[in-house]
Amino acid sequence: MRKLKFHEKKLLKNVDFLKYKREKGLREALVTRRYHLVQRDYYKKYSSICSMVQNLVHTLKQIDPRDPYRIEMTDALLEKLYSMGVITTKKSLARCEKLSVSSFCR
């Protein structure tokens, strides 16, 4: 390979090929490596599931705590996540707010 010219070196100083803006830094690479995910799409899918669960929890928290619909949906969500092994206890929605991709990979 040829030696880079001055202006080419100067341009490459500002570019980091390991971090892209759309990739959320090195977190994706670390999780992919730690949990042996075969494709990058798996990380994206788990991330979208996490965001959907967090949006659902946010919506449920806005409903009145004594509402029977909220109680039923909260129990169903906690039971589903507990049976999947994503959360360790079925105590409250606070655990569901802090879900991460790592919890799904485990």
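Residues are numbered from 1 along each chain as its sequence is written, and side-chain values use heavy atoms, with hydrogens and water left out. Because the model is predicted, local features need pLDDT of at least 70 and side-chain atom pairs count only at pLDDT 80 or more, while totals for chains, interfaces and linings use all residues.

Helices were taken as DSSP runs of H or I with at least four residues, strands as runs of E with at least two, and both are numbered from the N terminus. Helix α3 has 23 residues. From its first C-alpha to its last, α3 reaches 34 Å, close to the 33 Å expected at 1.5 Å a residue; the expected span of a helix is 1.5 Å times one less than its number of residues. Residues were classed by relative accessible area as buried (under 20%), exposed (over 50%) or partly exposed (in between), with a 1.4 Å probe and protein chains only. In α3, the residues Tyr43, Cys50, Val53, Val57 and Leu60 are buried. The buried residues of α3 pack against α2 (27-34), α4, α5 (94-97) and α6, where contact means heavy atoms within 4.5 Å.

The largest nonpolar core has 18 residues. Such a core is a set of buried Ala, Val, Leu, Ile, Met, Phe, Trp, Tyr and Cys residues joined through side-chain atoms within 4.5 Å. Leu77, Leu81, Cys96 and Leu99 have the most contacts inside this core. At least two of its residues come from each of α3 (40-62), α4 (68-84) and α6 (101-105), and α3 gives the most, with five. Leucine 99 touches Cys50, Val53, Gln54, Leu81, Val86, Ile87 and Phe104, not counting residues up to four places away in sequence. In soluble globular proteins, nonpolar side chains tend to be buried together.

Lysine 98 is found in the loop between α5 and α6. Lysine 98 counts as exposed because its relative accessible area is 70%.

Leucine 4 is placed in the segment before α1 and is partly exposed, at 31% relative accessibility. Leucine 12 lies in helix α1 (residues 6-13) and is also partly exposed, at 39%.

The structure holds three salt bridges, each a side-chain nitrogen of Lys or Arg within 4 Å of a carboxyl oxygen of Asp or Glu. Glutamate 8 and arginine 2 meet in one of them (2.8 Å, N to O); arginine 2 is exposed, with a relative accessible area of 51%. In another, the closest N and O atoms of lysine 61 and glutamate 97 are 3.3 Å apart. This pair links distant parts of the chain, with lysine 61 in helix α3 and glutamate 97 in helix α5, 36 residues apart. Glutamate 79 and lysine 90 also form a salt bridge, their closest N and O atoms being 2.7 Å apart. Glutamate 79 lies in helix α4 and lysine 90 in the loop between α4 and α5, so the pair ties together parts eleven residues apart in sequence.
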